[in-house]
Amino acid sequence: MNLFLLTGMVLLVYMSLVFLLALSLADNSIVDIAYGLGFVLIGWVGYLESGTEHIRTQLLLVLVSIWGIRLAIHIFLRKQGEVGEDSRYRQWRESWGDSFVWRSYLQIYLLQGSVIYLVALPLLLAIHESGGPLGWLDLIGLVVWLFGFGFEAIGDWQLLRFKRHPDNQGKIMSTGLWSTTRHPNYFGEATLWWGVFLIGLGTPYGWLAIISPLLINFLLLRVSGVPMLEAKYVGKPEFEAYRQRTNAFFPWFPKSGR
């Protein structure tokens, strides 16, 4: 079967099953745990079906798998400290009313599945046709991925530890990597996908996967990342002070005297 058709069908079934599980649990926020694992699933299905043994494909598969599994574990652990459904999904549940079931399937699960498919394009293209030997571009891509992954993982760990301390309830995290950017986890994720794209450029059609990092950057900066998260804190004095002295996305030294 065609690789792209196969992985698309697998992803459709996977997201539909997650949707049914969420219905039974009355908790759509489990889709956040399923998100990273979706990349791992279609990557390994495509790889095993193709039978390719090229080092570039294997490298990308390992990198994406490490990222996806770590992200799923992190969100699972974070969710253990929360009660009920995440506020974003709870608001949609309330506002969608009687149309909640079909709208959640289309606007949460199928939309997330489409995002996974498009963002995973560098890996899927490498599985389809791996290209020549590894070169300098692959090394640069690996370095970029390592930097982004480290930034995301450390940022997530710092925030999780901060939130679990009783004295920090309701406070804004502004130390560690969070003193250099208000969203180190988002910056790290956007960066690592640029690394994946650079490695994927070694494949014959790798340039087509430019949509992958561009889509991630657009979503994090304009849609479901920075805007949606910060909307909850706008107007709060502690957050406004934090926003004045700290970059929104790209890391930099905190602004002084603000």
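Author: Gladly, and we can begin with W194, whose place is in helix α8; please keep in mind that this is a predicted model.

Reader: Is W194 buried, exposed or partly exposed?

Author: W194 has 30% relative accessibility, and it therefore counts as partly exposed.

Reader: And which residues does W194 touch, not counting those up to four places away in sequence?

Author: Once residues up to four places away in sequence are set aside, W194 touches V144, I210, P213, L214 and N217. As for distances across the model, the C-alpha atoms of W194 and K79 are separated by 28 Å, and these two residues are 115 residues apart along the chain.

Reader: What about T191, where is its place, and is it buried or exposed?

Author: T191 also has its place in helix α8, and with a relative accessible area of 12% it is buried, because the cut-off for that class is under 20%. Leaving out residues up to four places away in sequence, T191 touches V144, F147 and G148, and V144 is also among the residues that W194 touches.

Reader: Switching to helix packing, at what angle do the axes of α5 and α9 cross?

Author: The axes of helix α5, residues 100-119, and helix α9, residues 211-223, cross at roughly 135° and come within 8 Å. The two helices are therefore oblique to each other.

Reader: Which residues meet there?

Author: From α5 the residues are V115, L118 and V119, and they meet I211, S212, L215, I216 and L219 in α9. Sorted by class, this contact of α5 with α9 has seven nonpolar residues and one polar residue, with no charged ones.

Reader: And how do α5 and α6 pack?

Author: Helix α6 covers residues 121-128, and it packs with α5 at an angle of about 55°, the axes being 5 Å apart. That makes α5 and α6 oblique to each other too, because an angle of this size falls in that class. On the α5 side the contact involves Y117, L118 and V119, which meet L121, P122 and L124 in α6. The contact of α5 with α6 is made up of six nonpolar residues, with no polar and no charged ones. L118 and V119 take part here and also in the contact with α9.

Reader: How many residues of α6 are buried?

Author: Seven of the eight residues of α6 are buried, so this helix is largely enclosed by the rest of the structure. The buried residues are L121, P122, L123, L124, L125, A126 and I127, and they pack against α1 (3-25), α2 (31-50), α3, α5, α8 (184-200) and α9.

Reader: Now cavities: how many of 30 Å³ or more does a search of the whole structure find?

Author: The search of the whole structure finds one cavity of 30 Å³ or more, and the largest cavity has a volume of about 60 Å³.

Reader: Which residues line the largest cavity?

Author: The lining consists of S29, D32, I75, R78, K79, E82 and D86. By class, the lining of the largest cavity has five charged residues, one polar and one nonpolar. Helix α3, residues 55-80, gives the largest share of this lining, with three residues.

Reader: Tell me about I75 then; is it buried or exposed?

Author: I75, which lies in helix α3, counts as buried because its relative accessibility is 10%. Leaving aside neighbours within four places in sequence, I75 is in contact with D32 and I33, and D32 is itself one of the residues lining the largest cavity. The C-alpha atoms of I75 and E238 are separated by 25 Å, the two residues being 163 residues apart along the chain.

Reader: One last thing, what is the phi of A26 near?

Author: Phi of A26 is near 55°, which is a positive value in a residue other than glycine. A26 is found in the loop between α1 and α2, and with a relative accessible area of 44% it is partly exposed.

Note on methods:
Residues numbered from 1 in each chain as written. Predicted model: local features only at pLDDT ≥ 70, side-chain atom pairs only at ≥ 80, totals over all residues. Heavy atoms only, no water. Axes fitted to C-alpha atoms, helices over the stretch in contact; angles between N-to-C directions. Helix = DSSP H or I, 4+ residues; strand = E, 2+ residues; numbered from the N terminus. Parallel < 35°, antiparallel > 145°, perpendicular 65-115°, else oblique. Contact = heavy atoms within 4.5 Å. Nonpolar A, V, L, I, M, F, W, Y, C, P; charged D, E, K, R; others polar. 1 Å grid on protein atoms, 1.4 Å probe; cavity = no way out; pocket = protein on both sides within 12 Å on 5 of 7 lines; lining within 4 Å. Points joined across faces, edges and corners; volume = space filled by probe spheres on them. Buried < 20%, exposed > 50% of the residue type's maximum accessible area, 1.4 Å probe, protein only.
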